[in-house]
Amino acid sequence: NGALGEEVETLVQAVCKPNEVDKFRMFIGDLDKVVSLLLSLSSRLVRVESALDSLSPDASHHERLTLTEKKKLLLGQLGEAQELKEHVDRREQAVCQVLARCLTPEQLRDYSHFVKMKAALLVE
């Protein structure tokens, strides 16, 4: 997907205005950051839930409370990160509309495939 990304970026640079190229680059950078944040928060939440599940019945109240607070905090942060992802998804539509004026339908399909695969590969 890296090669396709470089190809798409080179194409965008060649056929789009500088401000449109900047929007494209900013969107791709933000997509990377938000998906990485979601993955990080999700994995941290899984670890905290696992720690809570594996607490022995005689674990201290303080230990259980600490883990419960961490879980609550992570759930809140995960919700905020999901809102950021929704915002980035809306921006992707706006960037796609801009690129639709510059790229051929086939090139636009390559761009869309690149964006979908970028998020999917980050999840793996």
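Biologist: Which pattern does the protein follow, read along the sequence?

Modeller: In this predicted model, the pattern reads α-α-α-α along the sequence. The secondary structure amounts to 4 helices and 0 strands. Helix H1 covers residues 2–15, helix H2 covers residues 18–53, helix H3 covers residues 61–102, and helix H4 covers residues 105–123.

Biologist: Thanks! How do I read the overall shape, and what radius of gyration does the protein have?

Modeller: Set the value beside the one for a compact globule. For 124 residues such a globule would be near 14 Å, but the protein has 20 Å. The C-alpha trace gives the picture along the principal axes: about 65 × 25 × 20 Å.

Biologist: And what share of contacts joins residues at least 24 apart?

Modeller: Start from the contacts between residues at least 6 apart in sequence; 71% of them join residues at least 24 apart.

Biologist: Is valine 98 buried or exposed?

Modeller: Relative accessibility decides this, and buried means under 20%. Valine 98, which sits in helix H3, has 12%, so this residue counts as buried. Across the protein, 31% of the 124 residues count as buried.

Biologist: What do the other classes look like here?

Modeller: Exposed means over 50%, with partly exposed in between. Leucine 65, also placed in helix H3, is partly exposed because its relative accessible area is 42%. Aspartate 53 belongs to helix H2 and, at 70%, counts as exposed. Glutamate 6 in helix H1 is exposed too, at 58%.

Biologist: Now for rings. How many aromatic pairs are there?

Modeller: In general, a pair of aromatic rings is described by the distance of the centres and the angle of the planes. Here the count is 1 aromatic pair. Phenylalanine 24 and tyrosine 111 form it, with 6.0 Å centre to centre and 55° between the planes, and the pair is tilted. Distant parts of the chain are linked this way: phenylalanine 24 is in helix H2 and tyrosine 111 in helix H4, 87 residues apart.

Biologist: Last topic, the surface and the charges. How many positive and negative side chains does the protein have?

Modeller: There are 17 positive and 20 negative side chains. To see how the two sets are placed, look at their centres, which lie 4 Å apart. As for the surface, the accessible area is about 8100 Å², and carbon and sulfur atoms account for 56% of that.

Conventions: Residues numbered from 1 in each chain as written. Predicted model: local features only at pLDDT ≥ 70, side-chain atom pairs only at ≥ 80, totals over all residues. Heavy atoms only, no water. Helix = DSSP H or I, 4+ residues; strand = E, 2+ residues; numbered from the N terminus. Buried < 20%, exposed > 50% of the residue type's maximum accessible area, 1.4 Å probe, protein only. Rg over C-alpha atoms; globule rule 2.2 N^0.38 Å. Contact = heavy atoms within 4.5 Å. Areas by Shrake-Rupley, 256 points an atom, 1.4 Å probe, with all protein chains shown as cover. Lys, Arg positive; Asp, Glu negative; His and termini not counted. Charge placed at Lys NZ, Arg CZ, Asp CG, Glu CD. Phe/Tyr/Trp six-rings, centres within 6.5 Å; stacked < 30°, edge-to-face > 60°.
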